[in-house]
Amino acid sequence: MKQRTVLVIGAGASGLVAAITAARQGAAVTLLDRMKKPGRKLLITGNGKCNLSNLDPELSARCGSSGPIEIVSIPSGKPASPAGELFRSFGPKETISFFEELGVAVRAQELLVYPRSGQAQSVLNALTAELDRLHVKARYNTEVTALTRSAESGQWTAKTEGWSYQADCVILCCGSKAAPQTGSDGSGYALAAMAGHTIVPVLPALTGLICELPPLTAGAESEETLSLSLAAGARSKAKLSLSLDGHLLAEESGELQWTDYGVSGIAAFQLSRFAAKALLQHPTVLTKDKKGAVHFQLPMTLSIDLVPDQAETEVRAALQRMIDHSGGTLPRKQLLGSYVHERVAALLASSLSFEGAGGPDLASLLAANLKKVVLNVSGLRGFDQAQICIGGVRLAELDPLRLESRLAPGLFFAGEMIDVDGPCGGYNLQWAWTSGHTAGLAAASRI
Ligand SMILES: Cc1cc2nc3c(=O)[nH]c(=O)nc-3n(C[C@H](O)[C@H](O)[C@H](O)COP(=O)(O)OP(=O)(O)OC[C@H]3O[C@@H](n4cnc5c(N)ncnc54)[C@H](O)[C@@H]3O)c2cc1C
């Protein structure tokens, strides 16, 4: 029987696993990437330590598409999210075995899975060694600019600057537009569109939230120019709540980093996914600035609880004791500074509103402000600052169990270029491994 030929475009996390899986099934595999070396993004994951999976039992529920939630009917029975169904056949357990067989020992830090070496490089080395062992033809510095399928033979042709590659099947694994310096410049979407696919609008996610302070209320005392840069550089343990038009979109707790543009840190990153998804559901004018940040005008707010482990009454009582002990001499900034970084205290002290007689007492006012700082959210940091994108190739146009195009037979997809995304914490790499494995298996065994 003729050996099946499979062309994998993109040698990132999903493409490397797709190529290995297809080659293990006996296919003749060629792997192309526009960068000089494979796995550029993989090397910077988890700050170079590569958080490669997550043992969260709710893994599939926390990964999803950005359009109206697409529940795809699975032939085997009850409807399920396609990501969930695929995680069941090649999830964290199978991924860990896959890497351990390749010589990557892993450890779990709570639910987060890392290579024991503490180096993403060891994960990449193992994958490329396996490509060599399986005689996958890897061609780097090779950008695919066009993709066509012969209606007569069903053969696919990928055009590059100097060559055309033919294959029975193509697996598109070109990533998103996030971190374009690693190779994923969004050109994969154009290739998918050439094959007739719809691209759900792509927005940066797992990135910083651009925020503004709400206008000062009447009676506010502002000695310094009021801006977020007052707090820049400070870190706070906080609970964040993101709302649109007063409706809660998502909540997240963790360390918050204050910046001159707004807020960053894992908790803010997690909420940026929900902010980006809300932009797709609520049509609005998006503008981009020179740095690539996306700006919008929506009634979106971020409410920050800076003392998440104490009730407001406890905070108030503690502040009252400090005020009484000092005979009322402690300045507001110092009182606030007993709970938060001095720069955040300075920001709060300069933005507090002091109402006249009949207004709240000082301890109540300070406690209320520590428990609820409200910022207006007006943008998302750009693609070059984002870890992932939401949006991409529309899921409903793919066979949910094989990730094969329903529009163009023999064309498969994997990784971030599909409209599936997850939070920080190993979920996105797990999707890359899972979808790469699924597409590689299906492409090599296609009848
Ligand atoms: C800073 C940072 C940290 C992260 N940390 C984590 C983490 O710890 N855990 C986690 O789960 N996720 C993490 N992520 C997200 C994760 O890295 C991605 O979701 C994952 O790598 C996506 O894999 P992929 O194969 O879909 O795409 P990519 O890894 O982006 O690979 C796509 C490849 O396709 C190539 N390509 C694109 N277009 C073409 C073309 N036209 N022709 C030829 N080649 C092309 C690119 O050069 C690239 O090599 C992080 C991301 C960033 C940016």
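Cysteine 50 is placed in the loop between helix 2 and strand 3 (53-54), where helices (H or I, at least four residues) and strands (E, at least two) are DSSP runs numbered from the N terminus. The structure is a predicted model, in which local features need pLDDT of at least 70 and side-chain atom pairs count only at pLDDT 80 or more, whereas totals for chains, interfaces and linings use all residues. Residues are numbered from 1 along each chain as its sequence is written, and side-chain values use heavy atoms, with hydrogens and water left out.

Although cysteine 50 is not a glycine, its phi is positive, at about 60°. Cysteine 50 counts as buried because its relative accessibility is 0%; buried denotes under 20% relative accessible area, exposed over 50%, and partly exposed the range in between (1.4 Å probe, protein chains only). A positive phi, near 50°, is also found for leucine 206, a residue other than glycine. Leucine 206 occupies the loop between strand 11 (199-205) and strand 12 (209-212), and it is buried, with a relative accessible area of 1%.

The secondary structure of the chain comprises 13 helices and 21 strands. Along its principal axes, the C-alpha trace spans about 90 × 45 × 45 Å. Of the 447 residues in the chain, 54% count as buried. The chain exposes about 19700 Å², of which carbon and sulfur atoms supply 51%; accessible areas come from the Shrake-Rupley method with a 1.4 Å probe, and for residues only the protein chains shown count as cover. With contact defined as heavy atoms within 4.5 Å, residues 24 or more positions apart account for 73% of the contacts in the chain with a separation of 6 or more.

The domain assignment divides the chain into domain 1 (5-204 + 389-444) and domain 2 (209-380), the bounds being taken from an automatic or database domain assignment. The C-alpha centres of domain 1 and domain 2 are 39 Å apart. To the contact between them, domain 1 gives 15 residues and domain 2 gives 13 residues.

In soluble globular proteins, nonpolar side chains tend to be buried together. A nonpolar core is taken here as a set of buried Ala, Val, Leu, Ile, Met, Phe, Trp, Tyr and Cys residues joined through side-chain atoms within 4.5 Å. The largest such core contains 57 residues, of which Leu209, Trp258, Leu302 and Ile304 touch the most other members. Helix 8 (residues 266-281) supplies the largest share of this core, eight residues. At least three residues of the core come from each of domain 1 (5-204 + 389-444) and domain 2 (209-380). A second, separate core has 46 residues, including Val6, Leu102, Ala120 and Ala443. Apart from residues up to four places away in sequence, leucine 209 touches Tyr261, Gly262, Val263, Ala268, Leu271, Ser272, Ala275, Leu302, Val377, Gly379 and Leu380.

Glutamine 257 belongs to strand 14 (residues 247-258) and counts as partly exposed because its relative accessibility is 27%. Residues up to four places away in sequence aside, glutamine 257 touches Ala234, Arg235, Gly262, Val263, Ser264 and Gly265. When residues up to four places away in sequence are not counted, glutamate 130 touches Ile20, Arg24 and Leu102.

The ligand is surrounded by 34 residues, the closest being Ser14, Asp33, Asn51, Glu416 and Leu429; a residue is near a molecule if one of its heavy atoms lies within 4 Å of it. An oxygen atom of the ligand lies 2.7 Å from a polar side-chain atom of serine 14. A polar backbone atom of valine 144 is 3.0 Å from a nitrogen atom of the ligand, and a polar backbone atom of asparagine 428 is 3.4 Å from an oxygen atom of the ligand. Of the 1000 Å² of accessible area that the ligand has on its own, the protein covers 95%. Helix 1 (13-24), helix 2 (40-44) and helix 13 (427-444) are the elements that give two or more residues to the shell around the ligand. The largest share of this shell, four residues, comes from helix 13.

Note on methods
A polar contact is a pair of N or O atoms within 3.5 Å; within protein, one must be able to donate a hydrogen and the other to accept it, and residues adjacent in sequence count only if both atoms are side-chain atoms.
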